[in-house]
Amino acid sequence: MGFGTENITVNCGACGAEVTLNDRGRPARYCSNACRQRAFRRRGGSTSRAGDQAIPEPLDSFVGREEEMAALRHLMRSARMVTVVGTAGVGKTRLALEVARRAVGGRKRKFRLVELGSVVDGTRILETIATALGVREAAGEPALRPVVDAINNRRLSLVVDNCEQLTVPCAVVLRELLERCPLLRVLATSREPLGVAGEALLHIEPLPVDGLASGASREQVLASPAVQLFLDRARSAGGELTDLEAVGRLCHRLDGLPLAIELAARRVHSMSVREIEWCLDDQLGLLSESARTAPDRHRNLRAAIDWSYLLLNPVEQQVLRRLAMFPGGLTLAAAERVCGVSGIEPVLTGLVSKSLVRKEGERFRMLEVIRRYGLEQLRAEHEQEQTTRLAARWLADVAEPLLVAAFISPSTHRGFDEEQDNLLTVFELLQDHPDEVDTRVLLAAALTRVWQQRGRRSAAGRLVRTVLDLHGDSVNAPIVMIAGSWLAMTQGEPREALRQAVSAVSAILPQQRPELLVRALKQLGWALSADGRTATSECVRRRVVALCERLDDPLALAHARQDLAWFLLCANDVAESRRLLAMALPVARRGQRPDELGSILHTAGAIELRGGDLHEAKKFFIEVLDVAPDDTHNRPYALEGLAMVAERQGDVQRAGKLFAAARTSRERYGVGATPTWRQWVAEAEARVPAADGPADETVLNYACAVPDVADLVRALLTPVERRVLDLIVGGNSNSQVARRLGISASTVTNHLDAVLAKVRLENRAQVVRWYAETRARCAR
């Protein structure tokens, strides 16, 4: 023959793709059997209708996601373009296909799947859609026209999967099709929104795993969709499972991520659930097997996350890597400090939209498996050391002003509490940086304070001993000694508390750090009292007041005076206590945050209680609850103070309820009591009958109310309104009031609204406050 076959170019007669030579050296007419069958149907007069066999039948069962399916169906009824958005491995594709599959069979609308996972060139999107529809591009004809012709006048839905690597060209193509084809609807999956006009979004999260970490009942574990998915896939893999508690813990550690759960479940044929759990520190390596026929991005966790990571620009990749070092997440300001990127907000917002980072309140966090992937990339790029130093400097800048101040706010530990995991991570990483010893000791002091507040006293004690053994000569070691002294005191070890406090004072004196010296001397005064050395303790406390008078810190002076006033009150010197607090309280009211005023107000109430002015004592104790209802440390003190007032007034029933509420509060929040206060409470409580406290959500209303109804209230309110208020201040919720009065809860709300209008107040708490104060004035 005169022509070489290598010069012949032929396209598939069905889809237009280039074809290869057959075994006889001749070009084939079709690229595959599927195209050959499609062409056969056309020649036989069969039209290729969108939707015929378009959605593949699943090979395993669909578990959970009932709410998401209902939400997706609702969106699909109201919007022409719906995008399912979520992180890698969360189950976007499976959800979209399941909704489409269940809709197939109806006569109104047909579905056709368009897979973009292997498409890397935006110009091929239309070609891929055309192939999915079974249409062929004619020579010299624009690619868009045959697709529009195939869709037009058909009630067709395209399920377009994996749009994230081609968001811009995909958005352009889909917008064009939607504009030209009025009956077309699109259901897309992507790791970020496409930005098409009219696009409705369904963000899907990992399966819920709350309560599965520990202590969950068998019924709770079995009711979890994450556990149900694991059990279903484990049975398919031939595994026999009996340890449901371990399954629950495993699903919790996997963050409820469906792909991770499925991959873990496939391991049960060779490993027990507990063995899988033990190996989860290497999640990306452990969960690496999958069905051989699955797409590359679904074969293992690393491939799934790789798919998203490689689509990021270099700045986004850097921020993701550095953010991964912080298991507790970061605020926007902190991320700017440690990620080395100025103007970081749009970068973080982009990572959130791409489903790689989650915004929870003010913090940006990652799913654990994505965070571990980011750590791998951080180490691979040799950025861990630099990020550790940046993080250490940031945490030190946060901690140092708070830990060395003369007065540490009660809210300080709450700021540290949010950074607990980050503090521990950076503290451990700094052990490889001998030039950062002082910073490491400072972070240990902050971590000790967090653990003390959380009741982790054993862990805090071990940390104190370890740090002082290794770095006892650090300039910041006295801060740890102060923490160690307080810890020993709370554990009933007064001699150890005294030793640590003396060591702290001795180490600080040569450093010329007056604020820190005040803190150390305050701790020394407390330790001396705990060891029974009251005279010396009084001298030290007076020395603290004298030092604070020289500092430019009115709040520190106010709290030093309050501390001395409390000490003298415990020694029954009511007059001197009252004098000191009269100087401290106005300063505290002007400069203190409401939730930091509680201890001074409580001391004022205790002084008046011991001095016999029950009315003033009650005012102060109520104010503790009023100015800071979320102050869990001072709440039990105030409740006990009000209980002692009620006992003195002869209202033993009310006193018993308040004592019970205080006990519940102390147990719930882990709040102890000073020995003298504990003794006063025990003496009063022994004189009242035991009682159940009011419900937790109504305890503050009950505590702030007073017993008798005043004539002024009778004149202003109807009998039913007064009865409603009587029950509310008696510790009943709206639903309980409704049951007692035989009315609906909405009617109770209407009565409260009427009272609000009459007295021109804004909320329920203000009504209770007004009710209590009005009756108190009339009772004088």
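The predicted model contains an open sheet of 5 strands, paired in parallel and ordered β2-β3-β4-β1-β5 (strands being DSSP E runs of at least two residues, helices H or I runs of at least four, numbered from the N terminus; pairing takes at least two DSSP bridges). Since β2 (110–115) and β5 (199–203) sit at the edges with a single partner strand each, one side of each has no neighbour in the sheet. On average, neighbouring strands are turned by 20 degrees against each other, direction ignored (axes are lines fitted to C-alpha atoms, for helices over the stretch in contact, with angles from 0 to 180 degrees between N-to-C directions). Strand β1 (residues 81–85) runs parallel to β5 and is joined to it by 5 bridges; Thr83 has Leu201 in β5 as its bridge partner. Helix α2 (residues 66–78) packs on the sheet and touches β1, β2, β4 (185–190) and β5, its direction making about 180 degrees with that of β5 (contact: heavy atoms within 4.5 Å).

Over to helices α31 (residues 635–648) and α33 (residues 675–685): their axes come within 10 Å and cross at roughly 40 degrees. That makes α31 oblique to α33 (angles under 35 degrees are roughly parallel, over 145 roughly antiparallel, 65 to 115 roughly perpendicular, the rest oblique). From α31, Tyr637, Glu640, Gly641, Met644 and Glu647 meet Trp677, Trp680, Val681 and Ala684 of α33.

As for bookkeeping, residues are numbered from 1 along each chain as its sequence is written, and side-chain values use heavy atoms, leaving out hydrogens and water. Because the model is predicted, local features need pLDDT of at least 70 and side-chain atom pairs count only at pLDDT 80 or more, while totals for chains, interfaces and linings use all residues.
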